[in-house]
Amino acid sequence: MSAIRKDVLRDENLIRNLEEIAKDTALLHGVLMRTKETPNSPEVVSYAPFTLFPSPVPSALFHQALAVQTYFNRLVDQVSQNPTFLEETLASTIKVDDFTARLFSIYRQVRQECQSQSIVLGLNRSDYMLDQNPEGGTSLKQIEINTIAASFGGLSSRTPDVHRHILKVANLLEECDQILDNNPAAGLARGLAKAWELYGSERNIPVIRRQFEDVCRTGSLDQSKRLFVDGREIAIVYFRNGYMPQNYTSEQSWEARLMMERSLAVKCPDISTHLVGTKKVQQELARPGVLERLFPDEPETVVQIRATFAGLYTLDMGEEGDKTVAMALANPDQYVLKPQREGGGNNIYGKEICEVLENMKDSSDRTAYILMDKIQPRPVENYLLRPGAPLRLSSCLSELGVFGAYVSRKGNDMVFNECVGHLLRTKSSEHADGGVAAGVAVLDNPLLV
Ligand code: ADP
Ligand code: MG
């Protein structure tokens, strides 16, 4: 499968010329990132890494991913309001995984107090890879759903124009016309604005950015649990981090998270929705009968969601978990071993699965992980543009993300539920794991084929 012709990909003079133009175009369109060397400096930026050409994505699978997004929004929302499900599903995990346990204790504490805010804002991204079936077809398989700090809504709104320009310069006008518009940033903002309105705030929406420590120092709750930071009432808390242990640098960070969770502010996500994004919940949802119980009168919804699930297997203690261990040890290359972590670079592949599992297969430590079928996408040739890296033609794998935005009132139907755009990330097929921020994947655009 190649959307860009082979002779174009191998025209060295053209590629060298395009490389320079591509980087300029990225800068012009604001496809920017701060640098690793000076991550906090507003003085130095570089282009965000991206592919020279868009990558082919089968049209039917792309549209399937968009169409199922509003169902995933509802699924996340429903599970977040199902304490029995969350308690049962995460019971084994929180015994061995300290980070999830810490989040869970905030969840329990907030639940014990009377619920202060019934409005929920969800801004998520469901990620997929296109799996090759033995019969030669491809199918859409979900990698995970990110319910906290799902990134690249902004940059992916800007990359279409960069690829359009590159294709124009390369005289690939047909391909240029096929680049899709994409504006997740606008849709995510609509979700924020809706939640803001429901909170009962005035029109103008000022935004402040603070670290957990700042919130701990200058934040407080009043008697009706309204959240104030720096003397200003906060309507919506959007968590840009808080999804990995390193984000909580002190006890103050945890105190700040708890204070915000207890507050009347709308949280994006609230602690229960954050927990719905764990790999353990993902694995439990794939268990036969679980979706059916969550959507009892909607067999069509169940079919559409389930069609995107890859094989997911429990490592809980007992017969079923033992079977999972045996399966993984027998064919490690067919699986991915995943801990309850976010941010890329945490998964375990191939031979290393055996090493890790051999060490803990008889201990409850294994319940910190789940096992998943390894998706085998078809590699496509492309060039990855990354600051400081020499350009070369690489065999690449792509991952499609779909952004969802919703606003709900607990116990009621959705007030707002939309699929708001997409993201394509592409990496060299040498790398098993890792996203854009981890320095492995780069931004891309789908070229529907
Ligand atoms: P994280 O929360 O760290 O982003 P993911 O589940 O998204 O964890 O996995 C990180 C990366 O690992 C993905 O972007 C993908 O490249 C790769 N990966 C994850 N699961 C699979 C899988 N089942 N098959 C193939 N690759 C996978
Ligand atoms: Mg991911």
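Trainee: How many bridges pair strand 8 with strand 9, and in which sense?

Mentor: General idea: strands of a sheet pair through backbone hydrogen bonds, either parallel or antiparallel. In this predicted model, strand 8 (residues 227–229) pairs with strand 9 over two bridges, in the antiparallel sense. Val 229 has Arg 232 of strand 9 as its bridge partner.

Trainee: What is the strand order of that open sheet?

Mentor: The order is 7-8-9, three strands with antiparallel pairing. Strand 7 (219–221) and strand 9 (232–233) are the edges. Each has a single partner strand, so one side of each lacks a neighbour in the sheet.

Trainee: Which helix lies across strand 7 and strand 8?

Mentor: Helix 11 (residues 251–262) does, running at about 40° to strand 7.

Trainee: Which strands pair with strand 5?

Mentor: Strand 17 (residues 393–409) runs antiparallel to strand 5, joined to it by ten bridges. Ser 126 stands opposite Ile 145 in strand 6.

Trainee: Which residue takes a positive phi in the hairpin of strand 5 and strand 6?

Mentor: Gly 136, with phi near 100°. The hairpin has five residues between the strands.

Trainee: On to helices. How do I describe a packed pair?

Mentor: Two packed helices are described by the angle between their axes and the distance between the axes. Take helix 4 (residues 69–80) and helix 15 (residues 299–306): their axes come within 10 Å and cross at roughly 100°. Angles of 65 to 115 degrees count as roughly perpendicular, so helix 4 is roughly perpendicular to helix 15.

Trainee: Which residues make the contact?

Mentor: Helix 4 gives Tyr 71, Phe 72, Arg 74 and Leu 75; helix 15 gives Thr 301, Gln 304 and Ile 305. By class, the contact residues are four nonpolar, two polar and one charged.

Trainee: What does the side chain of Ser 80 reach?

Mentor: The backbone oxygen of Asp 77, at 2.7 Å. Leaving out residues up to four places away in sequence, Ser 80 touches Leu 86, Ser 272, Thr 273 and Val 276.

How values were computed. Residues are numbered from 1 along each chain as its sequence is written. Chains are lettered from A and ligands numbered from 1 in the order in which they are written. This is a predicted model: local features need pLDDT of at least 70, side-chain atom pairs count only at pLDDT 80 or more; totals for chains, interfaces and linings use all residues. Side-chain values use heavy atoms; hydrogens and water are left out. Two strands pair if DSSP finds at least two bridges between them. Helices (H or I, at least four residues) and strands (E, at least two) are DSSP runs, numbered from the N terminus. Axes are lines fitted to C-alpha atoms, for helices over the stretch in contact, and angles run from 0 to 180 degrees between N-to-C directions. Angles under 35 degrees count as roughly parallel, over 145 as roughly antiparallel, 65 to 115 as roughly perpendicular and the rest as oblique. Contact means heavy atoms within 4.5 Å. Ala, Val, Leu, Ile, Met, Phe, Trp, Tyr, Cys and Pro count as nonpolar, Asp, Glu, Lys and Arg as charged, and the others, Gly among them, as polar. A polar contact is a pair of N or O atoms within 3.5 Å; within protein, one must be able to donate a hydrogen and the other to accept it, and residues adjacent in sequence count only if both atoms are side-chain atoms.
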